[in-house]
Amino acid sequence: MSHVASTDRLLAADTALRRRAVAAGPVVAGVTLAAAVIVTAAAGVPLRDPGGVSARRLLTTVGLLALFAGADLLFRGGRERWSRRRMVSAAIAVASFYVTYFAYRNLKSVVPLIRPGSLYDQGLTDLDHGLLGGHGPADVLHTLLGTGVSAQVLSAVYMFFFAFIPLSLAAALALARDEDRALFFTTAIALNWLLAAISYYLLPSIGPFHAEPGTFAQLPTTAVSHLQDRLIGERAAFLHDPSVPGSAQSIGAFASLHVSVWFTAALGAHLLRLPIPVRVVLWVLTGLTMLATVYFGWHYLLDDAAGVAIAVVALTIMRAITGRVPRPEAA
């Protein structure tokens with residue numbers, strides 16, 4: 001009887017932890033959305049999804065999830081994994097993630113309205129130069145790496161971030177044998193949106209590419225330079241008249257969301273003991289992304305350090321919410 005009771009207690013505890021893992025995504029989404037409602041109301045603008053970006057990325061992820069789930073069923077015999085419970089938890093995770101992302105975009109957009117005239121680019125620039133004995137970090141990288149092929153490679157790495165998010169979410173939710181691991185990963189990434197949004201209000205800034213444009217004038221035209229030009233134009237239009245439907249601004253140097261998400265993925269893969277090749281690829285992409293953020297002037301050195309801190313905090317919070325780091329899968 002004692003053995004049966006002990007087993008029942010373990011099963012009950014495991015069920016409770018699983019429910020916490022499923023609930024974590026909606027909790028993060030709810031907190032972020034509530035913050036967005038309050039802050040946008042204070043700024044005098046409505047919640048909006050400029051260009052339908054949040055909706056389009058949600059649909060992209062749903063499509064990829066269906067594709068990966070189909071492949072799992074077809075090639076790995078995953079029928080027993082795709083219970084009704086798993087399908088519901090995957091749907092909740094994806095919906096929660098993009099509600100969080102939608103709210104994050106709104107929080108980021110109104111930073112200059114909540115903190116008008118507050119830009120810390122000069123102080124962050126001085127800190128960068130002070131740390132490197134008077135040299136700019138981007139100048140150092142341009143000298144070491146050159147401004148030809150390196151620019152194109154680092155641009156591709158930087159832009160891959162936008163594909164990595166839906167790909168990694170869909171792959172985790174569809175292919176992980178243990179759904180707890182997938183939920184741990186997806187909600188940890190979602191926490192980055194909330195934590196990064198908070199950081200933008202602490203040190204509002206645009207980035208070295210705007211503060212010191214001459215430093216980056218010799219770089220070739222890349223997808224990154226096109227994106228920078230577009231975002232600066234959107235910011236100017238938003239500040240000119242925030243009431244225009246569909247207008248928004250999406251620039252915030254401190255902290256680096258690119259670095260925080262990649263570091264969360266890489267460190268999370270290490271904690272979950274994913275296959276070594278996966279971990280190596282993620283750490284390499286994390287390192288290259290950190291280089292790219294400085295090389296193109298998206299971020300100051302402190303921004304990247306703050307991105308690492310956000311990743312650690314996100315994983316720590318996720319461990320506290322779920323009560324554990326999910327066990328590695330059996331081979």
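**Before you click**

You're looking at a predicted model, so local features need pLDDT of at least 70 and side-chain atom pairs count only at pLDDT 80 or more, while totals for chains, interfaces and linings use all residues. Residues are numbered from 1 along each chain as its sequence is written, and side-chain values use heavy atoms, with hydrogens and water left out.

**Stop 1: the whole chain**

Switch to cartoon view. How many helices and strands does the chain have? There are 13 helices and zero strands. Both are DSSP runs numbered from the N terminus: helices are H or I with at least four residues, and strands are E with at least two.

**Stop 2: two helix pairs**

Two packed helices are described by the angle between their axes and the distance between the axes. The axes are lines fitted to C-alpha atoms, for helices over the stretch in contact, and the angles run from 0 to 180 degrees between N-to-C directions.

Select H6 (residues 137-145) and H12 (276-295). They pack at an angle of about 115°, with their axes 8 Å apart. H6 and H12 are therefore roughly perpendicular to each other. The labels go like this: under 35 degrees is roughly parallel, over 145 roughly antiparallel, 65 to 115 roughly perpendicular, and the rest oblique.

Show side chains here. Pro137, Ala138, Leu141, His142 and Leu145 in H6 meet Leu291, Val294 and Tyr295 in H12; contact means heavy atoms within 4.5 Å. By class, that contact has seven nonpolar, one polar and no charged residues. For the classes, Ala, Val, Leu, Ile, Met, Phe, Trp, Tyr, Cys and Pro count as nonpolar, Asp, Glu, Lys and Arg as charged, and the others, Gly among them, as polar.

Next, pick H7 (149-175) and H10 (223-240). Their axes are 8 Å apart, at an angle of about 60°. That makes H7 oblique to H10. On the H7 side, look for Ser155, Tyr158, Met159 and Phe162; on the H10 side, Ala223, Val224 and Leu227. This contact divides into six nonpolar, one polar and no charged residues.

**Stop 3: the pockets**

Rolling a probe the size of a water molecule over the atoms shows where empty space is left. On a 1 Å grid over the protein atoms alone, a cavity is a set of points where a 1.4 Å probe fits but cannot get out, and a pocket is an open set with protein on both sides within 12 Å along at least five of seven lines; lining residues have an atom within 4 Å of a point. Grid points are joined across faces, edges and corners, and a volume is the space filled by probe spheres set on the points.

The largest pocket has a volume of about 640 Å³. To find it, select Lys108, Phe162, Leu227, Leu231 and Ser250, the closest to its centre of 33 lining residues. The lining has 19 nonpolar, eight polar and six charged residues.

On to the second largest pocket, at about 560 Å³. Of its 22 lining residues, Ala172, Arg181, Leu274, Pro275 and Val278 are the closest to the centre. Which helix gives the largest share of this lining? H7 does, with five residues.

**Stop 4**

Select Gly136, Pro137, Ala138, Pro208 and Glu212, the closest to its centre of 13 lining residues. H6 gives the most to this lining, with three residues.

**Stop 5**

Most residues other than glycine have a negative phi, and most peptide bonds are trans. Zoom in on the bond from Phe254 to Ala255: it is cis, with omega near 0°. Ala255 lies in the loop between H10 and H11.

Finish at Arg273, in the loop between H11 and H12. Arg273 has a positive phi of about 55°, although it is not a glycine.
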